[in-house]
Structure formats: structure tokens, C-alpha cells
Amino acid sequence: MTTAGDPFLTNTLPACPSCKGEFTYEDKNTLICPECGHEWHAGESGGEPEDNTTVKDTNGNILADGDSVTVIKDLKVKGSSSVVKVGTKVRNIRLVEGDHNIDCKIDGIGAMKLKSEFVKKA
């Protein structure tokens, strides 16, 4: 069976801007990639998807994975009597999505999640 020339088997929709998958399909005005689940509107430019993971410290400096930060106020550790003291330096942070958007390891306490509003870039 030959598929050449069959208009039903050609995909005229743009490739996914996120994963470059070619199996996109349309649902009303939304284009959807079944490979990665990315959704975008048909009228949008085909550029990269927006990056909503920009994390800023208390002074507005942009943080990145691997940065060092300093805690700006005493933070109680939930489920423990420990406290992360003001001025504690935290090295090699990892940014994650969510309310507590910094994963880190603090000496003497262990693995923690911090809010970026309570740290400043060192």
C-alpha cells in the first residue's frame, strides 16, 4: 500500500516548539504535542515555550542552579526544634518549581527546601 499523494496522511501542522515532535494535533485553537504534552495556540510564534521558572532572591537578583545564597532571617525547621540562623551560607542550591523553590543541603541540618524570599545571593 502506498501513502504517497494521500492528503490525509500529511501533517501540515507545525512541529512542537518544546520537543520538536512532529505528531502535533489541533483541538479548536490549541495545538497539542502528544509526545511531551506541551500546548500552545495556533497564532503564537513557533519559538521556545515561556520559561516561568525565573527565581529571584529578596533583592531581585536572578538565582541559578549552583549559586550560593545567605539566609536573611531566622527560619524554624518544620517538625524539629532546629533553627536556620540568619547569615547561614548555603552553597550549591538547586531550583525547583513550587512554593519552596530552592532545594539545598544545610550543614548540621540536612536537606531542606527554602523560599527564595528569605535568601540573598552571596
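In what order do the elements of the chain run from the N terminus on? They run β-β-β-β-β-β-β-β-β-β-β-β-β. This is a predicted model, so keep its cut-offs in mind: local features need pLDDT of at least 70, side-chain atom pairs count only at pLDDT 80 or more, and totals for chains, interfaces and linings use all residues. Residues are numbered from 1 along each chain as its sequence is written, and side-chain values use heavy atoms, with hydrogens and water left out.

**Whole chain.** Show everything first. The chain has 0 helices and 13 strands. Helices (H or I, at least four residues) and strands (E, at least two) are DSSP runs, numbered from the N terminus. Of the 122 residues, 25% are buried (under 20% relative accessible area; exposed is over 50%, partly exposed in between; 1.4 Å probe, protein chains only).

**Strand 1.** Select residues 25-27, then pick E26 in that strand. E26 counts as partly exposed because its relative accessibility is 46%. E26 touches L13 and L31, leaving aside residues up to four places away in sequence; contact means heavy atoms within 4.5 Å. E26 and W40 are 14 residues apart in sequence and 9.8 Å apart in space, C-alpha to C-alpha.

The 3 strands form an open antiparallel sheet in the order 10-11-12. Strand 10 (94-95) and strand 12 (110-114) are at the edges, each with a single partner strand, so one side of each has no neighbour in the sheet. Strands pair if DSSP finds at least two bridges between them. Strand 11 (residues 102-106) is joined to strand 12 by 5 bridges. Finish on K105, which stands opposite A111 in strand 12.
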